[in-house]
Amino acid sequence: MNAVQNFLATYPFAQTALEILALTVPPAFFLAFAGLGLFGAAAQSKGARQRRKSFSKCARQLAMLGMTLGWGLLIGMRVWLYLAPIQQLSMVFEASWLLLAIATLLASCCFLGAKLLEKAPWLHFLLGVLQAVLAYVAFLLGLASAHLAPLVDSVLEALRTGRVPELPPLQDILIPLATPISYSLLLLLALPASFGAFWLVLRRKYDDYGRDHYNVTLPWCAAWARNVWLALWLLMLAFNGLNIYDRWQNGVFTSHDALLQSIPLLLWLIPTLLWAVVSSSKTPLRHKFSLALALLFSIAYLLPFTLEVATPIMPDAVLWEWPLQDLAPDTLQETPLPEPDLPQQELPAPDVPEEGVPETEQPTAPDAQPAPPQEKP
């Protein structure tokens, strides 16, 4: 562990890259895993309705992906909780891990019982909905805990010192979570299709179901991702439009701000164009690079998503004394804080004439020069 810390301290670029990966990859895996239950159930229902084996096979491939992501998240989260134990909100993180464990077991049942679920699509749909709900609630618990951690730390630190922070208004706590949660509902449907399309390409050599199978399932996954991501982009456009209108009314919106607002909007439109190309292609297997690039863009979108959630909600909280006798230093097992050493200001001495020195004359230093006489007007 010390060697890793020394390496990151020596190469700050590696530390920055590691932090970016930590802010994007786990949330993307979480949302993709949660939505794969619904996405796989949709493929199973489509195969049963149209009586096409390709979609039933696709549902099994997606179930394998969901099981892989679930177990990876489950083990990774357990290792993270062991290496970085959290004092505050530890029960919330444990509840999140428990819900994730149940969702992973459901995903494993979908994969192991794929033959049985082909004859009972309603059961696959039920298991997929339960997996999506449990995994999404686990994701929201972790999201809210990370958002409220600074507030909880500030409150506990104030309690230890006999003070209480001035808590921000409830709307200041919930508003930063409103926009990411609204985005996450669409990411819950877009990321599974993005991961699923690339997963089908990776499984091409191992699940050799024939070229016709991938010519049917790949465009379907790409079209699903394209449609949901376009809805996400329109929602993002609406939120940015409201923000621009508010700043325009306050007179703080400039042409430079317009450029900064338009560049991200155009950037996040690229995955939609890539998936549109794949969905309309007659040879989708030749677009491996487009699917990989669209997947990277969809994962990179989680960076501003998580940064918005990580907005501090305790900016310079004002503390005041909390006069409770129960929170004495002996009760809290804390040593009393030392009183601050305030600078002592010396008051000017009163003008008392010394003995033998007239009030009109002041003693001068031996090296001081007399002041020049003032000319009369």
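Predicted model: local features only at pLDDT ≥ 70, side-chain atom pairs only at ≥ 80, totals over all residues.
**View 1. The salt bridges of the model.** The structure holds three salt bridges. Side chains of opposite charge can pair when their charged atoms come close. The views below take the pairs in turn.

**View 2. E118 and K53 form a salt bridge.** The N to O distance between the two side chains is 3.9 Å. That value counts because the cut-off is within 4 Å. The pair links distant parts of the chain, 65 residues apart. E118 belongs to helix α5 (residues 114-119). K53 lies in helix α3 (residues 53-83). E118 is partly exposed, at 26% relative accessible area. K53 is exposed, at 58%.

**View 3. R78 and E94 form a salt bridge.** Their closest N and O atoms are 2.9 Å apart. E94 is partly exposed, with a relative accessible area of 32%. R78 is also partly exposed, at 30%.

**View 4. D207 and R203 meet in a salt bridge.** The side chains pair at 3.0 Å, N to O. D207 has a relative accessibility of 11% and counts as buried. R203 is buried as well, at 17%. Both labels apply because buried means under 20% relative accessible area.

How values were computed:
Residues numbered from 1 in each chain as written. Heavy atoms only, no water. Helix = DSSP H or I, 4+ residues; strand = E, 2+ residues; numbered from the N terminus. Buried < 20%, exposed > 50% of the residue type's maximum accessible area, 1.4 Å probe, protein only.
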